[in-house]
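These are my notebook entries on one structure.

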Amino acid sequence: MMLRLWHGFQLLFRPYPYFRDARITWRAPIPGLGSVLISAEAGLVAEAARHPDLVGGRAHRAMRASLGDDHLIVMSGPEHRLRSRQVRRALQAFTSDGEMAEITRQEFAGVPLRRPFSLQQIAHRASLRIILRGLVGRDDAELIGLSQAFQSSFSSPLVLFVEGLRRDWGPWSPWGRLLRRRARLNQALLQAARCAPPDSIAARLPPETWGYELLPQLMFGHETTAATFAWCFAMLYPQARQRIANGDEAFTLAYVQECMRLSPPVAQLTRVATREVRLGGHCLRPGEVLMPAIPGLHHHGWIHSDRLEPERFLQETPDPHRYCPFGVGERICPGKPMALRQLVMMLQTVLQNFDIQPLPGYRPRPVRQLFLVAPAQGAPAVRRA
Ligand code: HEM
């Protein structure tokens with residue numbers, strides 16, 4: 001029991017050292033998941049990504065409960081493949097560069113001068129507006145308010161992770177409130193989707209999937225980018241600032257990729273064995289979980305692994321199983337092109353239009369925020385002009 005709690009604590013509160021500094025492949029008892037095989041071995045992860053008896057989707061109990069039972073992230077097998085094709089096709093359309101830049105400019109222009117603020121919080125609102133614009137072509141106060149109200153239902157993560165608390169005891173109970181806010185947001189998204197412009201994500205998705213897919217795309221499409229933006233900003237150094245502000249696109253993309261190597265916002269993936277599976281010298285019994293450890297994969301086998309060196313991404317494309325901030329195999333994140341483009345646009349826009357500096361003395365330390373790892377305090381900064 002104590003051992004299980006210790007591993008659970010490390011995974012939740014010290015995700016980077018836990019996944020990076022231990023052995024390369026090991027077993028650990030994880031609360032709620034049983035005996036898990038954790039691996040930072042690129043060869044093993046490559047084998048796992050191709051294995052037909054290792055599926056994603058099944059271990060996401062909290063996500064299933066909070067976002068619904070029938071969306072891409074919690075699906076597996078042939079159903080997953082069909083929905084994945086539909087979602088990937090739809091996500092080829094996303095908010096234009098001009099709109100991304102304009103929304104970013106508006107949100108950062110509203111930050112008061114010479115007062116500390118959280119970069120992640122402002123990036124969160126900008127990213128929410130950007131994904132809403134891409135999803136349904138609208139980012140008005142009603143949709144923003146309903147999204148924020150739904151997200152505030154998770155202010156206590158206990159409601160997500162303790163199954164016993166997931167009971168609808170009416171609108172004043174935490175779970176009851178979450179379900180009602182989710183229903184209101186879903187309703188508003190459905191209404192917006194019916195009038196969405198033809199080049200929007202919603203219009204490219206089959207209407208029968210709207211009830212399941214719009215809400216998860218909205219949630220995953222901005223929380224992740226906001227946390228990544230906060231990391232990128234918190235890790236800036238003077239030459240990088242200069243090159244990004246000068247509009248060097250290739251460098252900006254390489255810089256984002258390198259920040260995501262050192263500080264991946266998603267720390268672990270999960271795959272569940274549907275039958276007995278042998279991987280390398282290890283065996284997974286049916287129902288057991290494999291957990292590819294992203295901070296470890298981004299650490300072992302890299303030259304000067306602890307240094308921030310964006311140039312490495314200008315020189316070569318890394319092995320996709322050693323560098324995987326967006327996941328691996330057929331479940332790789334369908335939002336990756338949009339997220340990378342958005343991060344490049346947001347960084348350039350902010351550095352070209354404002355003088356924003358991290359709070360003096362601040363050192364970005366990783367902290368868990370539900371499913372993500374973000375810099376502590378959302379990367380506090382000050383806007384000087
Ligand atoms: C920096 C931003 C982002 C990061 C770091 C990120 C990371 C990830 C990761 C690690 C996975 C799991 C992949 C696996 O299990 O192998 C994933 C899946 C997913 N992401 Fe993202 N993501 C980001 C942005 C987005 C955006 C913008 C969207 C949509 C608009 C999105 C939608 C999804 C969906 C739908 C899945 C599930 C795919 C499946 O299970 O087939 N993500 N993402």
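How many residues has helix α17, and how far does α17 reach from its first C-alpha to its last? Before answering, I noted that the model is predicted, that local features need pLDDT of at least 70, that side-chain atom pairs count only at pLDDT 80 or more, and that totals for chains, interfaces and linings use all residues. Residues are numbered from 1 along each chain as its sequence is written.

**Entry 1: helix α17.** I found that α17 (residues 336–353) has 18 residues and reaches 26 Å, close to the 26 Å expected at 1.5 Å a residue. The expected span is 1.5 Å times one less than the number of residues. Helices (H or I, at least four residues) and strands (E, at least two) are DSSP runs, numbered from the N terminus. I then listed the buried residues of α17, among them Met338, Leu343, Met346 and Leu351. A residue is buried if 20 or more other C-beta atoms lie within 10 Å of its own, exposed if 12 or fewer, and partly exposed in between; C-beta atoms are placed from the backbone. The cover over these buried residues includes α6 (97–109), α7 (119–136), α12 and β9 (356–358).

**Entry 2: the core.** The largest nonpolar core has 100 residues, and Phe229, Ala230, Cys232 and Met346 have the most contacts inside it. Such a core is a set of buried Ala, Val, Leu, Ile, Met, Phe, Trp, Tyr and Cys residues joined through C-beta atoms within 7 Å. Helix α12 (residues 210–234) gives the most to this core, with 13 residues. Leaving aside neighbours within four places in sequence, I found Ala230 in contact (C-beta atoms, placed from the backbone, within 7 Å) with residues including Leu119, Ala123, Pro375 and Ala379.

**Entry 3: two phi angles.** Most residues other than glycine have a negative phi. Phi of Arg114 is near 55 degrees, and phi of Ala379 is near 60 degrees. Are these two residues buried or exposed? Arg114 counts as exposed because it has 8 C-beta neighbours inside 10 Å. Ala379 counts as buried because it has 25. Arg114 lies in the loop between α6 and β4 (117–118), and Ala379 in the loop between β11 (372–375) and β12 (380–383).

How values were computed: Two residues are in contact if their C-beta atoms, placed from the backbone, lie within 7 Å.
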